[in-house]
Each structure stands twice: as structure tokens, then as C-alpha cells.
Amino acid sequence: MITVIANLKGGSGKSTVTFNLGLWLQMKGQPVVTYDLDPQETLSDVAQVRIEEGATPPLQVYTADDQLEEKLCYHPGQVLVDVGAANMQAMKAAIRVANRVIIPVPPSQPDVWATQRFLKIVDETLNGKERPELVAFVNRADTHTAIRESDEAEEALNMLGPLRVLTERLCQRTMFRRTLSEGMSIFELARRSKSAEEFENFAIALYPELAK
Ligand SMILES: Nc1ncnc2c1ncn2[C@@H]1O[C@H](COP(=O)(O)OP(=O)(O)O)[C@@H](O)[C@H]1O
Ligand SMILES: [Mg+2]
């Protein structure tokens, strides 16, 4: 299954989600490869940190983007693709072969607008071809429930059209940031934390068949 994690804006959490989801899927016994198609190469860097830290299993990260569509379709297990607007050609190639596109959206109006524009690009890219499942969710949500931005962003996403909007949000939490700096998944860093519970719920919403 090819899952593309994408949207137009940087800093929305694509690499954080790809890294933690890849390790979660491996934890569930799934064969996983990832593709890092963002010139920033955050995912490649974090996989390298993971190796240097001696954490196991490692996360397989490919960076090649020539003949991308063929390569993505070649893997039998779970394929996660981290791609941003800095490489539009790769983004479009990945979208053409994707079974699912996951779109992390920080709770702000510019991010909702960018998501709307991204959906337009998806449609132009598919050009009538069958649409992959499109899933958006609020990432970096405020932990204070009194702050309304995340609810508002979720409501706005619900009005954008052919999009499944998860109610399972990820909050803005230091532990998620630390997963990237330490090369460890949230389950390795803080197994019994609120963050791990949040990520587990998010992942199960995406892969209900892998619930224990
Ligand atoms: N839910 C979150 N809580 C806290 N920090 C986050 C969260 N999601 C992303 N970040 C942090 O925000 C920064 C940008 O995230 P990243 O995953 O690199 O975004 P992208 O790949 O979309 O550019 C990183 O420092 C990352 O650790
Ligand atoms: Mg990134």
C-alpha cells in the first residue's frame, strides 16, 4: 500500500508523521520502506540519527526520484512517501500511484487555504484518474481545549470536499519534536505518555485492521 504524506506548506509535520508512522507499522509487524522526496531530507537525517543511536529496527529510507512511479509500485509492503512542495514533480508522481494521501494541517487559516490549494493540485494531477483516499487531520493542535483554533480548522477542513477528516488530532507536544532530534519513535521515547496514546489512536484510525 502506497501512502503519501504531503501538503504544500513546510513545518506541518509531514516528516514527523512519516517517521513515527513508519516505526509504528514496523512495531505492528508490517514490512515498511519510506521515500524521502523533500530536498530538506529531514527523514533521511532522522533515520541516520536512529542508526547512530543504535536503535532497532532501522527505518529504510530511499531518496531516489528517477522512475519514481515504477519504484514506488515495486514494494509489496507498506510504502510511506514524505514529499513537500519543494519537489512538485515528485509530489505529483507520488500522488498518481498513491492508494492514500495523508495531509497534516496545523490549525491556522493559511494552512487551511494551503490545503484547499493542495486538493486542487491533486485533482489536476490525477486528471480524471481514480482518486486515492484523501485524509486530513489537525497536527500541532493546542493542548488547551479552551482555544478554538483546532476545532475551527477541523470544521473548515470538513467543508473542503472529498476529504476524510480525522477527529484523532496530534497536539503540539515537545515529545513529538524530540522524536526527530533523537531518532526514536514516540513509543520508544515515552511509551506511556499522552503523546504516545494520541499517536496510537491516530494510527489505528488509519489502520483499524492493525488494532490489537
Ligand atoms: N505534533 C507536534 N508537536 C510538536 N512538534 C511538532 C509536531 N509536529 C511537528 N513538530 C515539529 O515541527 C517541526 C516541523 O515538523 P516536520 O515534521 O519537519 O514538518 P514538515 O516535514 O512538514 O516540514 C519539527 O521540529 C517537528 O519536530
Ligand atoms: Mg519534512
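In which loop is Q67 found? Please select this residue to begin the tour; the model on the screen is a predicted one.

**Stop 1: Q67**

Q67 belongs to the loop between β3 and α3, the latter covering residues 68-74. Inspect its backbone: although Q67 is not a glycine, its phi is positive, at about 50°.

**Stop 2: T56 and P57**

Next, select T56 together with P57 and display the backbone atoms. The peptide bond that runs from T56 to P57 is cis, and its omega is near -10°. P57 has its place in the loop between α2 (42-52) and β3.

**Stop 3: Y35 and Y62**

Now show the side chains of Y35 and Y62. A pair of aromatic rings is described by the distance of the centres and the angle of the planes. The count of aromatic pairs comes to 6. One of them is formed by Y35 and Y62, whose rings are 5.2 Å apart from centre to centre. The angle between their planes is 35°, and the pair is classed as tilted. Colour the two strands as well: Y35 lies in β2 (residues 32-36), and Y62 lies in β3 (residues 61-62). The two residues are 27 residues apart, and their pair links distant parts of the chain.

**Stop 4: Ligand 1**

Finally, select ligand 1, which sits in the largest pocket. In total, 15 residues surround ligand 1, and the closest are G11, K14, T16, N139 and C171.

Continue to S15, where a backbone N or O atom lies 2.9 Å from an oxygen atom of ligand 1. Then select R173: one of its polar backbone atoms is 2.9 Å from a nitrogen atom of ligand 1. Taken alone, ligand 1 exposes 560 Å², of which the protein buries 88%.

Terms used
Residues are numbered from 1 along each chain as its sequence is written. Chains are lettered from A and ligands numbered from 1 in the order in which they are written. This is a predicted model: local features need pLDDT of at least 70, side-chain atom pairs count only at pLDDT 80 or more; totals for chains, interfaces and linings use all residues. Side-chain values use heavy atoms; hydrogens and water are left out. A residue is near a molecule or strand if one of its heavy atoms lies within 4 Å of it. A polar contact is a pair of N or O atoms within 3.5 Å; within protein, one must be able to donate a hydrogen and the other to accept it, and residues adjacent in sequence count only if both atoms are side-chain atoms. Accessible areas come from the Shrake-Rupley method with a 1.4 Å probe; for residues, only the protein chains shown count as cover. On a 1 Å grid over the protein atoms alone, a cavity is a set of points where a 1.4 Å probe fits but cannot get out, and a pocket is an open set with protein on both sides within 12 Å along at least five of seven lines; lining residues have an atom within 4 Å of a point. A molecule sits in a cavity or pocket if more than half of its atoms lie within 2 Å of its grid points. Rings of Phe, Tyr and Trp (its six-membered ring) pair if their centres lie within 6.5 Å; planes under 30 degrees apart count as stacked, over 60 as edge-to-face and the rest as tilted. Helices (H or I, at least four residues) and strands (E, at least two) are DSSP runs, numbered from the N terminus.
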